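Work through the exercises below with the sequence and the model open. Each task is followed by a solution in steps.

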Amino acid sequence: MDTLGAPGAGMAIALESVFPPLPSEVILPLAGFSAGAGKLNLAAAVLWTTAGSVVGALVLYWLGAWLGRDRTVALASKVPLVKRRDMERAEDWFGRHGRKAVFLGRMVPVFRSLISVPAGVERMPLPTFVGLTALGSAIWNTAFIMAGYALGENWKEVSGHVATYSKLVLGVVALALVAFVIRRLIRSRNEKRRE
């Protein structure tokens with residue numbers, strides 16, 4: 001952080017957007033701590049990390065646009081228990097809630113990156129995608145940078161709180177996935193009995 005400054009924080013966040021195992025929950029509070037110690041400009045840290053978020057999101061958006069609907073449906077059809085109508089429902093849902101999903105998804109661990117792919121597949125207008133991504137990312141980044149700034153030497157505490165939040169989100173997703181699989185298996189078994 002000291003060597004690369006605010007642009008380095010932006011590059012790290014761009015990489016985190018594409019490779020989620022890099023934790024923004026560590027990068028952002030560290031940037032805030034560095035700003036509090038006078039080694040980084042606070043406004044520059046927010047601007048660079050937000051720009052990094054947008055750049056990383058655009059990479060995944062273009063991946064989704066490159067994949068397109070047909071390839072995505074073909075890939076999804078190879079996943080056990082996923083049917084074409086599931087993809088159609090997902091498309092309908094994204095058509096109705098895509099803007100909210102892109103904006104709010106920037107503030108949810110794991111989904112922060114993943115939401116860019118369906119936005120690209122569905123060809124959300126680029127100015128809309130960039131605007132919502134920048135706004136949602138600015139809120140997320142500012143909150144974590146300010147937490148690191150306020151906590152000073154104790155900036156590492158932020159990642160502990162976020163780890164709890166991340167585990168909660170992932171737990172809810174895992175439960176939803178298990179419920180989906182069980183429901184799909186029951187439906188499939190009932191259809192075979194009818195036949």
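**Exercise 1. Determine how many residues of helix H2 are buried, and name them.**

Step 1. Apply the cut-offs: buried means under 20% relative accessible area, exposed over 50%, and partly exposed in between, with a 1.4 Å probe and protein chains only. Helices (H or I, at least four residues) and strands (E, at least two) are DSSP runs numbered from the N terminus.

Step 2. Ten of the 13 residues in H2 are buried, so that this helix is mostly covered. They are Ser 24, Glu 25, Ile 27, Leu 28, Pro 29, Ala 31, Gly 32, Phe 33, Ser 34 and Ala 35.

Step 3. Note the basis of these values: this is a predicted model, in which local features need pLDDT of at least 70 and side-chain atom pairs count only at pLDDT 80 or more, while totals for chains, interfaces and linings use all residues. Residues are numbered from 1 along each chain as its sequence is written, and side-chain values use heavy atoms, with hydrogens and water left out.

**Exercise 2. Compare the span of H2 with its expected span.**

Step 1. The expected span is 1.5 Å times one less than the number of residues.

Step 2. H2 covers residues 24-36. From first C-alpha to last it reaches 18 Å, close to the 18 Å expected.

Step 3. After the helix comes Gly 38, with a positive phi near 80 degrees.

**Exercise 3. Describe the surroundings of Thr 133.**

Step 1. Thr 133 is located in helix H7.

Step 2. Its relative accessible area is 0%, so Thr 133 is buried.

Step 3. Counting contacts as heavy atoms within 4.5 Å, and leaving out residues up to four places away in sequence, Thr 133 touches Ser 53, Val 54, Ala 57, Val 102 and Arg 106.

**Exercise 4. State the secondary structure of the chain and its buried share.**

Step 1. The chain has eight helices and zero strands.

Step 2. Of its 195 residues, 39% are buried.
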